Amino acid sequence: MGGTEHLDIRREGATLVLTLNRPEAKNALSLPMLVGLYDGWVEADADDSIRSIVFTGAGGTFCAGMDLKALAGKGIEGEHYRDRLNADPDLHWKAMLRHHRPRKPVIAAVEGYCVAGGTEMLQGTDIRVAGESATFGLFEVRRGLFPIGGSTVRLQRQIPRTHALEMLLTGRPYTAREAAGIGLIGHVVPDGTALDKALEIAELINVCGPLAVEAVKASVYETAEMTEIEGLAAELKRGWPIFDTADAKEGARAFAEKRPPDYQRH
């Protein structure tokens, strides 16, 4: 299990928990953080015993976006990771879920600030929970910048376009309740409990058939921009093979025997 000085990785049963850990900088993105995130996504994909991922931040903050001091040329922490970025110039986009989609469900647990790059990474997650005092927003235009982490493409596909454009063009902050109201997040919980709720959701996923879970997630994303006819055909291609798996047979036996299924990955 990896991790870096700015990214903690730990296991909670079948859930891999990735924690942005640079609270003194409101978890602003750094090179060690990006390398750790990328390694975490890769680990989750490679380990079949991991069935879900929870993505959160330490110190009561999710992520305040890019380190603007580094962008202004005032140095960047973790230069010893520079070789990783040189070896894979796309690593930072994969880390931020712009150019990588994990096979396992990703649940975001947000407290405090989730703005700029934080809101951009959020759009790469599957299920989203936030503390009631959390703040969201894409502040880039206020700083003369462009939200290049994917928001001009993804946001309008995840929430109504009028709300996406307001968020993108005003650069204003949104409360957790506002974010839930426009569909950006799914749950608003008392402050300090977002991680608990995310782990609770993860456990509901973990007891399901892992092959079915991964196939369902893949089908949802790959059919999102298809016509209905194309999507239904793609769904059959993904879904029918699941009925022939040992997981499906175990699920049927467990139902008949009125017991919880014991899913082993096959």
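Predicted model: local features only at pLDDT ≥ 70, side-chain atom pairs only at ≥ 80, totals over all residues.
The chain exposes about 13,000 Å², and carbon and sulfur atoms supply 57% of that area. These accessible areas come from the Shrake-Rupley method with a 1.4 Å probe, and for residues only the protein chains shown count as cover. Residues are numbered from 1 along each chain as its sequence is written, and side-chain values use heavy atoms, with hydrogens and water left out.

Let me turn to overall dimensions. The C-alpha atoms fill a box of roughly 60 × 40 × 40 Å along the principal axes. The radius of gyration, taken over C-alpha atoms, is compared here with a globule rule of 2.2 Å times the number of residues to the power 0.38. For 266 residues, a compact globule would have a value near 18 Å, and the chain has 19 Å, which agrees.

Of the 266 residues, 48% count as buried; the term means under 20% relative accessible area, with exposed set at over 50% and partly exposed in between, again with a 1.4 Å probe and protein chains only. Among contacts with a separation of 6 or more, 68% join residues 24 or more positions apart, where contact means heavy atoms within 4.5 Å.

On charge, there are 31 positive and 37 negative side chains, and the centres of the two sets lie 3 Å apart. Lys and Arg count as positive, Asp and Glu as negative, while His and the chain ends are not counted. Each charge is placed at NZ of Lys, CZ of Arg, CG of Asp or CD of Glu.

As to secondary structure, the chain has 12 helices and nine strands. Both are DSSP runs numbered from the N terminus: helices are H or I with at least four residues, and strands are E with at least two.

Which residues have the most contacts inside the largest nonpolar core? They are L18, L37, F55, V110, F136, L184 and I185, in a core of 48 residues. Helix 1, residues 31-46, gives the largest share of this core, eight residues. A second, separate core has 13 residues, including V17, A198, I201 and V213. A nonpolar core is a set of buried Ala, Val, Leu, Ile, Met, Phe, Trp, Tyr and Cys residues joined through side-chain atoms within 4.5 Å.

L7 counts as buried because its relative accessibility is 0%. Leaving out residues up to four places away in sequence, L7 touches L18, T19, L20, N21, M33, G36 and L37. For one of these, N21, the C-alpha distance to L7 is 5.2 Å, at 14 residues apart in sequence.

M167, in helix 7 (residues 161-170), is likewise counted as buried, at 0% relative accessibility. Beyond its neighbours within four places in sequence, M167 is in contact with T119, L138, L155, Y174, I182 and L184.

N27, in the loop between strand 2 (15-20) and helix 1, has a positive phi of about 55° although it is not a glycine. N27 is buried, at 0% relative accessibility. A116, in the loop between strand 5 (113-115) and helix 5 (117-122), has a positive phi of about 50° and is not a glycine either. With 4% relative accessibility, A116 counts as buried.

From L195 to D262, 67 residues apart along the chain, the C-alpha separation is 26 Å.

Finally, G59 belongs to the loop between strand 3 (52-57) and helix 2 (68-71). G59 is exposed, with a relative accessible area of 65%. G59 and K258 are 199 residues apart in sequence, and their C-alpha atoms are 43 Å apart in space.
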